[in-house]
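Biologist: Pick one part of this model and walk me through it closely, please. I'd like the side chains, the geometry and the cut-offs behind each term.

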Amino acid sequence: LSVSTASAAADAVSDWLENRFGKPATSYTSVASHETIVTSYLDKRPSSWTKQRAALRAYLRHAKNSGLPTGSARISLRPVPPQDWTESWKRHFRPLEIGPTLLIKPSWSARVPLPGQALVVLDPGLSFGTGQHPTTGFCLRCLVANRQARAKQSFLDIGTGSGILAIAAAKLGYTPIEALDFDPQAIRTGRQNAVNNDVCGKIQFRRVDINRLPCRSTVKFTMICANLVSTILLQCQSQILARLERGGIIVLAGILKKEFSSVRKAYEAAGLKHISSQAENEWRSGAFQS
Ligand SMILES: C[S@@+](CC[C@H](N)C(=O)[O-])C[C@H]1O[C@@H](n2cnc3c(N)ncnc32)[C@H](O)[C@@H]1O
């Protein structure tokens with residue numbers, strides 16, 4: 001059930017819908033038209049809809065007469081086609097190759113890896129990370145580019161989501177590997193994906209909010225990927241850098257282009273050297289060395 005109104009009336013209309021139908025309403029305002037749509041998702045068509053609509057119309061008229069702008073005050077009730085959200089993203093998830101070294105593919109793809117190509121088979125469920133996002137892509141390319149064949153390189157995946165980076169790292173030979181996320185769903189999905197890829201013994205998944213990690217750590221990593229958002233990268237800089245080995249590489253992603261320079265400055269001020277960065281769509285990701 002949606003009501004087109006003016007933004008000034010969004011709260012009042014939301015409250016009215018919630019009181020009447022017992023469901024919290026959402027609202028968004030179109031930048032182009034300045035129109036605000038307040039929507040309540042109902043389980044079924046309201047009983048005596050004609051009466052309910054009349055009551056809503058009366059309320060909107062009353063609000064307008066009391067001086068609250070209500071815009072077009074258009075009311076619409078329409079069914080939302082059932083959609084299985086755990087399935088609908090699948091059509092966007094295609095096999096992704098990082099050169100001849102790494103292939104990430106969904107579990108339903110029949111694609112066969114090239115000889116010597118590490119394979120990650122993924123079913124991200126509702127957690128972030130299929131490799132299709134530019135920020136994940138940059139992290140994967142850094143993992144491949146910085147892998148040194150016979151060296152022992154450890155890896156920390158901060159904000160693991162589907163576990164994609166940790167699993168790719170395990171397949172590329174990084175060890176030991178730790179994967180952190182504060183979302184229990186991500187930890188479940190990551191673990192399951194690690195089991196499916198036969199690397200669960202190689203990755204330690206931990207449910208933790210990085211805000212709560214100590215700013216000192218004796219456990220350090222050769223390589224860290226932190227695909228988060230700029231605010232957390234800045235806010236948790238000490239927690240993140242405390243876990244990076246001297247000479248180690250950190251990949252920072254989830255940064256909007258316009259925010260990149262402030263993140264870069266903060267990490268350079270902490271003594272890191274900016275070694276590469278790449279922009280794609282509205283994102284810019286960067287790799288730094290300590
Ligand atoms: C953009 S996703 C990255 C997923 C995956 N690593 C990738 O590169 O595709 C960010 C992940 O960080 C997690 N995250 C966000 N803030 C966090 C925090 N404060 N502590 C731990 N995890 C966090 C989110 O739950 C989410 O799974």
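Modeller: Let's start with Tyr59, which counts as partly exposed because its relative accessibility is 22%. That label covers the range between buried, under 20% relative accessible area, and exposed, over 50%, using a 1.4 Å probe and protein chains only. Keep in mind that this is a predicted model, where local features need pLDDT of at least 70, side-chain atom pairs count only at pLDDT 80 or more, and totals for chains, interfaces and linings use all residues. Residues are numbered from 1 along each chain as its sequence is written, and side-chain values use heavy atoms, with hydrogens and water left out.

The ring of Tyr59 has a partner in Trp16: the two ring centres are 5.8 Å apart and the planes sit at 25 degrees, so this pair is stacked. For the bookkeeping, rings of Phe, Tyr and Trp (its six-membered ring) pair if their centres lie within 6.5 Å, with planes under 30 degrees apart called stacked, over 60 edge-to-face and the rest tilted. The structure holds three aromatic pairs. Trp16, for its part, is buried, at a relative accessible area of 14%.

Now zoom out to the helices. Trp16 belongs to helix H1 (residues 10-21) and Tyr59 to helix H2 (residues 49-65), so the pair ties together parts that are 43 residues apart in sequence. Helices here are DSSP runs of H or I, at least four residues long, numbered from the N terminus.

How do H1 and H2 pack? Their angle is about 150 degrees, and their axes are 11 Å apart. The axes are lines fitted to C-alpha atoms over the stretch in contact, and angles run from 0 to 180 degrees between N-to-C directions. That makes H1 roughly antiparallel to H2, since the label applies over 145 degrees, while under 35 is roughly parallel, 65 to 115 roughly perpendicular and the rest oblique. The crossing of H1 past H2 is right-handed, meaning that the near helix is turned clockwise from the far one by less than a right angle.

As for who touches whom, H1 brings Ala12, Val13, Trp16, Leu17, Arg20 and Phe21, and these meet Gln52, Ala55, Leu56, Tyr59 and Leu60 of H2. Contact here is heavy atoms within 4.5 Å. Sorted by class, this H1 and H2 contact has nine nonpolar, one polar and one charged residues. Nonpolar takes in Ala, Val, Leu, Ile, Met, Phe, Trp, Tyr, Cys and Pro, charged takes in Asp, Glu, Lys and Arg, and the others, Gly among them, are polar.

Terms used: Helices (H or I, at least four residues) and strands (E, at least two) are DSSP runs, numbered from the N terminus.
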